[in-house]
Amino acid sequence: MADIAIRGLSKHYGGMAAVEDLHLAIPEGALLSLLGPSGCGKTTTLRMVAGFIEPTRGSIDIGGTEVVRVPPHRRDLGLVFQSYALFPHMTAAENIGFGLRMRRVPKPEIGERVTRTLNMVRLGGLGDRYPRQLSGGQQQRVALARALVIEPRALLLDEPLSNLDANLREEVRVEIREVQKSLGVTTLFVTHDQSEALSVSDYVGVMRAGRLEQLGTATDIYQKPRTGFVATFLGGANVIKLDALAAVVPAAVVEALRGQGNAIGVRPETLAIRSGLDVEFDARIEASDFLGAYWELLLGTPIGPLKIRTNQPQPVGSSVRAGWMNNDAVSLEA
């Protein structure tokens, strides 16, 4: 059963649709990420669920209750935003306990719940520090603890890690996922970072121009993209039109790849520089970038430029034989 159910949700600003006819269901205890570029409608969707933006049309159910007309403070949601929004004059413990005080929870219970939540986010012993005395990661943990201490029906996270450096972002996202799973709290996570979405999510929804392009598990979204946009946005797949491919390889090879769409997607890591492949052709190394774990090469080919990731460097300007195996290609609509 869906804990958060969105049906036909739309938000228009004049003649522009920020979100259009969105249908989404998050099972109880699951974490669903909305992923997409800036302006795709993911944050607008989250803010409609939170109650900060009124939909043009559509419905939002949380825990079986329709909430479109319910004010934000009565939706029983925990919120964490890109800006930590901590009160600078309050200690970490006071910031975390703020929502409980607003709910008139007895003082002894506030103390117990704040201490328990501080320990949960690995900030035990730091409750008396002010935000200025905490690192960015610690401030983000305080913001998360403040959202969780009220024991919300659902948790909404809007780009919560974008202000952290790369190493800290990875550490905190692991902690967010661990806490979310241990509490079993239904979570809507908004991000433009594909690594975040793939690593923390039970389900991923890719948005484009206000619409949901594809929804599925992280594995399905990555391995079985249905459109060229999803294939390129997640992992930078090479999208190759079948018409272009037909000009350089035998017709039987093209038919073996043909599915429901007019193109195929091939991941850079599954392209190979060698002979004996199902699909292969002559290519030229146009550029080479060392990215730490691999080299990313740009190949000039008869079907257009292709990216390949390999652990074997190749000299720029060299001629090679390149291609892929049929089972490494996925049919999609370009």
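Q: OK, so two strands pair if DSSP finds at least two bridges between them. How many bridges join strand E4 to E5 here?
A: This is a predicted model, and in it two bridges join E4, residues 57-62, to E5. Those two strands run antiparallel.

Q: Which residue stands opposite Thr65 in E5?
A: That's Ile62.

Q: Zooming out, what's the order of the strands in the open sheet?
A: There are four strands, in the order E2-E1-E4-E5, and the pairing is antiparallel.

Q: Why is one side of E2 and of E5 left without a neighbour in the sheet?
A: E2 (16-27) and E5 (65-66) stand at the edges and each has a single partner strand, so one side of each has no neighbour in the sheet.

Q: Which strands does helix H1 touch?
A: H1, residues 42-50, packs on the sheet and touches E1 (2-13), E2 and E4. Its direction makes about 115° with that of E1.

Q: Back to E1. How many bridges join E1 to E2?
A: Eight, with the two strands running antiparallel. For one, Leu9 stands opposite Leu22 in E2.

Q: What's between E1 and E2 in their hairpin?
A: Two residues. In that hairpin, Gly14 takes a positive phi near 65°.

Q: And over how many bridges do E1 and E4 pair?
A: Five, again in the antiparallel sense. Ser10, for example, has Arg57 in E4 as its bridge partner.

Q: New topic: helices. Which residues in H2 are buried?
A: H2 covers residues 92-102, and its buried residues are Ala92, Asn95, Ile96, Gly97, Gly99 and Leu100. They pack against helix H3 (107-120) and helix H4 (136-148).

Q: Which residues of H2 and H3 meet?
A: From H2 it's Ala93, Ile96, Gly97, Leu100 and Arg101, and from H3 it's Ile110, Arg113, Val114 and Leu118.

Q: At what angle do H2 and H3 pack?
A: About 130°, with the axes 10 Å apart. That angle makes H2 oblique to H3.

Q: Is the crossing of H2 and H3 left-handed or right-handed?
A: Right-handed.

Q: What follows H2?
A: Arg104 comes after H2, and its phi is positive, near 60°.

Q: Last one: what does the UniProt annotation say about residues 4-234?
A: The unreviewed UniProt entry annotates them as "domain: ABC transporter". Over those residues the chain is 36% helix and 27% strand, and the end C-alpha atoms are 25 Å apart.

How values were computed: Residues are numbered from 1 along each chain as its sequence is written. This is a predicted model: local features need pLDDT of at least 70, side-chain atom pairs count only at pLDDT 80 or more; totals for chains, interfaces and linings use all residues. Side-chain values use heavy atoms; hydrogens and water are left out. Contact means heavy atoms within 4.5 Å. Axes are lines fitted to C-alpha atoms, for helices over the stretch in contact, and angles run from 0 to 180 degrees between N-to-C directions. UniProt positions are given in the numbering used here, feature names are shortened, and annotations may be inferred rather than shown by experiment. Buried means under 20% relative accessible area, exposed over 50%, partly exposed in between (1.4 Å probe, protein chains only). Angles under 35 degrees count as roughly parallel, over 145 as roughly antiparallel, 65 to 115 as roughly perpendicular and the rest as oblique. A crossing is left-handed if the near helix is turned anticlockwise from the far one by less than a right angle, and right-handed if clockwise.
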